[in-house]
Amino acid sequence: GFSQGGGLALGLLLSADVGHVPAGAFGVCSFPPVVQGFRVDPAVCAGRPYFLSSAQQDHFAGIEMSRAGAALLRDVGLDLTYVESAGGHEMTDEAAEQIGAWLLALERGERAVANPVLADVAGLDGHFAGLWDLGSASPS
């Protein structure tokens with residue numbers, strides 16, 4: 001989804017407390033849940049596809065925070081496809097086309113290629129360090 005909708009979709013994808021985890025999700029101008037103690041089960045996240053489109057002039061989620069969030073998602077084990085646009089906090093035709101291409105690639109069994117923008121960006125040890133509980137598994 002867009003903005004908060006993408007954040008909610010991501011929360012469902014990551015949460016150790018969700019009974020039926022989605023197969024994948026996408027976000028445009030979205031970022032990971034900024035919730036202290038948010039329970040994430042990396043074993044459930046591992047390999048699940050997530051598409052994130054960040055905007056370089058987004059006034060809600062600055063690009064450095066967006067990159068740190070993307071690196072965190074990568075480090076948690078999601079199959080992350082990360083792209084950036086030059087625009088601001090808006091749902092664009094370009095983002096919609098990128099999502100469509102991503103969905104088509106998933107259907108074909110193609111996986112994400114690492115985005116070089118994130119190569120030197122800290123995820124688990126960066127902006128979001130210590131925020132999530134990564135040791136919890138779903139309650140039985």
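## Val 35 and its surroundings

Beyond its neighbours within four places in sequence, Val 35 is in contact (heavy atoms within 4.5 Å) with Leu 131 and Trp 132. Val 35 sits in the loop between strand 1 (25-28) and strand 2 (38-39). Helices (H or I, at least four residues) and strands (E, at least two) are DSSP runs, numbered from the N terminus.

Is Val 35 buried, exposed or partly exposed? Val 35 is partly exposed, because its relative accessible area is 41%. The cut-offs are under 20% relative accessible area for buried and over 50% for exposed, with partly exposed in between (1.4 Å probe, protein chains only).

## Model and confidence

This is a predicted model, in which local features need pLDDT of at least 70 and side-chain atom pairs count only at pLDDT 80 or more, while totals for chains, interfaces and linings use all residues. Residues are numbered from 1 along each chain as its sequence is written, and side-chain values use heavy atoms, with hydrogens and water left out.

The average pLDDT (the predictor's confidence in each residue, from 0 to 100) is 86 for the protein. A score of at least 70 is reached by 91% of the residues. Residues 136-140 stay under 50. For that stretch the model has 13 contacts beyond four places in sequence.

Three strands form an open sheet in the order 1-3-4, with parallel pairing. Two strands pair if DSSP finds at least two bridges between them. Strand 1 and strand 4 (79-85) are at the edges. Each has a single partner strand, so one side of each lacks a neighbour in the sheet. From one strand to the next, the twist averages 10°.

Seven bridges join strand 3 (residues 49-55) and strand 4 in the parallel sense. Ser 54 has Glu 84 in strand 4 as its bridge partner.

## Helix 1 and the segment before it

Helix 1 (residues 4-14) packs on the sheet and touches strand 1 and strand 3. Its direction makes about 150° with that of strand 1. Axes are lines fitted to C-alpha atoms, for helices over the stretch in contact, and angles run from 0 to 180 degrees between N-to-C directions. The buried residues of helix 1 include Leu 10, Leu 13 and Leu 14. The buried residues of helix 1 pack against strand 1, strand 2, helix 2 (42-45), strand 3, helix 3 (63-76) and strand 5 (132-133).

Ser 3 lies in the segment before helix 1. Ser 3 counts as buried because its relative accessibility is 19%. Outside four places in sequence, Ser 3 is in contact with Val 28, Cys 29, Ser 30 and His 89.

## Helix 4

Helix 4 (residues 93-107) lies across strand 1, strand 3 and strand 4, at about 160° to strand 3. Its 15 residues should span 21 Å at 1.5 Å a residue, and the end C-alpha atoms are 21 Å apart, which agrees. The expected span is 1.5 Å times one less than the number of residues.

Which residues of helix 4 are buried? They are Ala 95, Ile 99, Trp 102 and Ala 105. These cover an arc of only 125° around the axis, so they are on the same side of helix 4. The arc is that of the directions from the helix axis to the C-beta atoms. The buried residues of helix 4 pack against strand 1, strand 3 and strand 4. On the other side, Asp 93, Glu 97 and Glu 107 are exposed. Gly 109 follows helix 4 and has a positive phi, near 85°.
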